[in-house]
Amino acid sequence: MTPAPRVLIVEDEAAILMALEDDLVLEGYEVETASDGPSGLRRAREGGADLVILDVMLPGLDGFEVCRRLRAEGVRVPILMLTAKSQELDRVLGLELGADDYVTKPFSPRELLARVKALLRRTHPERAGGARADRFAFGDVEVDFRKYEARRRGAPVDLTRHEFDLLRFLIEHRHEALSRGQILAGVWDDPVSVFPRTVDTHVANLRRKLEADPSRPRHLVSVRGVGYRFAE
């Protein structure tokens, strides 16, 4: 059995730390915590974590310096940075120092969990969690995600890579209503540079190619005020 992914949270605000820990544990992750920069740096150096959630504003050492030192020492664990700042300069600095993704406070817990899963999927696909769908059938459609092949009524359907990845993400989370932010984080390699309406365009393309009546979709369903959900 594949062990649960281990996440190290480095956050000095107790309420946020506890909420993140509870959410991740409920999702099946093993969680370790630190509340200041030096202890977070030490625990990240020790290894064992599959992903680090790193706040920027930390006592002792700020998150930027922790990230810089880890990368300078060759520690390649994925880093998701948290900050209360919204300035683009801070986001760019974190990414330039080697962070893999960036979330601004206040954030949606569901979106943060989606970003955690996306980072783990890219770096540790065998430990990302969730039901990995390699082949799936619905309605008159059959999809083989390993081969990037789709058929409808036996005839090949031409899907782009992002359309395949989007369809797979929706299928793997078919019991959930997903926001555009969650979908961007789970499907696109660089979600911060992609507009949310990109999701709408790709869903529309999938409906046109896979739904019997794209104007009244049965499977790629809109959820008012949220985003989209896959229905079998």
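Predicted model: local features only at pLDDT ≥ 70, side-chain atom pairs only at ≥ 80, totals over all residues.
Q: What makes β4 a partner of β3?
A: Strand β4 (residues 79-83) runs parallel to β3, and 4 bridges join them. One of the positions concerned is Asp 55, whose bridge partner in β4 is Leu 82. Between β3 and β4 the chain passes through helix α3 (residues 63-72), in a β-α-β crossover that is right-handed.

Q: In what order do the strands of the open sheet stand, and why are β2 and β5 at its edges?
A: The open sheet has 5 strands in the order β2-β1-β3-β4-β5, with parallel pairing. β2 (30-34) and β5 (101-104) each have a single partner strand, so one side of each has no neighbour in the sheet. On average, neighbouring strands are turned by 20° against each other, direction ignored.

Q: Which helix lies across β1, β2 and β3?
A: Helix α2 (residues 37-46) lies across these strands, and its direction is at about 140° to β2.

Q: Why is β3 called largely enclosed?
A: Buried means under 20% relative accessible area. In β3, 5 of the 5 residues are buried, so the rest of the structure largely encloses this strand. Both faces are covered: Leu 51, Ile 53 and Asp 55 are buried on one side, Val 52 and Leu 54 on the other.

Q: Is Leu 120 buried or exposed, and how do you know?
A: Leu 120, in helix α5 (residues 109-123), has 0% relative accessibility and therefore counts as buried. The C-alpha atoms of Leu 120 and Pro 78 are separated by 7.8 Å, although these residues are 42 residues apart along the chain.

Q: Why is α6 called roughly perpendicular to α8?
A: Angles of 65 to 115 degrees count as roughly perpendicular. The axes of helix α6 (residues 161-172) and helix α8 (residues 197-210) cross at roughly 90° and come within 10 Å, which makes α6 roughly perpendicular to α8. In this contact, α6 contributes His 162, Glu 163, Leu 166 and Leu 167, while α8 contributes His 202, Val 203, Asn 205, Leu 206, Lys 209 and Leu 210. By class there are 5 nonpolar, 3 polar and 2 charged residues.

Q: What makes His 219 buried?
A: The cut-off for buried is under 20%, and the relative accessible area of His 219 is 6%, so His 219 is buried. This residue lies in the loop between α8 and β11 (220-223). Leaving aside neighbours within four places in sequence, the contacts of His 219 include Phe 138, Glu 211 and Phe 230.

Q: How do you know that β7 pairs with both β6 and β8?
A: Strand β7 (residues 141-144) is joined by 4 bridges to strand β6 (residues 135-138), and by 4 bridges to strand β8 (residues 149-152). Each pair runs antiparallel. Ala 137 stands opposite Glu 142 in β7, and Val 143 has Ala 150 in β8 as bridge partner.

Terms used:
Residues numbered from 1 in each chain as written. Heavy atoms only, no water. Pairing = 2+ DSSP bridges. Helix = DSSP H or I, 4+ residues; strand = E, 2+ residues; numbered from the N terminus. Axes fitted to C-alpha atoms, helices over the stretch in contact; angles between N-to-C directions. Contact = heavy atoms within 4.5 Å. Parallel < 35°, antiparallel > 145°, perpendicular 65-115°, else oblique. Nonpolar A, V, L, I, M, F, W, Y, C, P; charged D, E, K, R; others polar. Buried < 20%, exposed > 50% of the residue type's maximum accessible area, 1.4 Å probe, protein only. Right-handed = clockwise from strand over helix to strand, strands pointing away.
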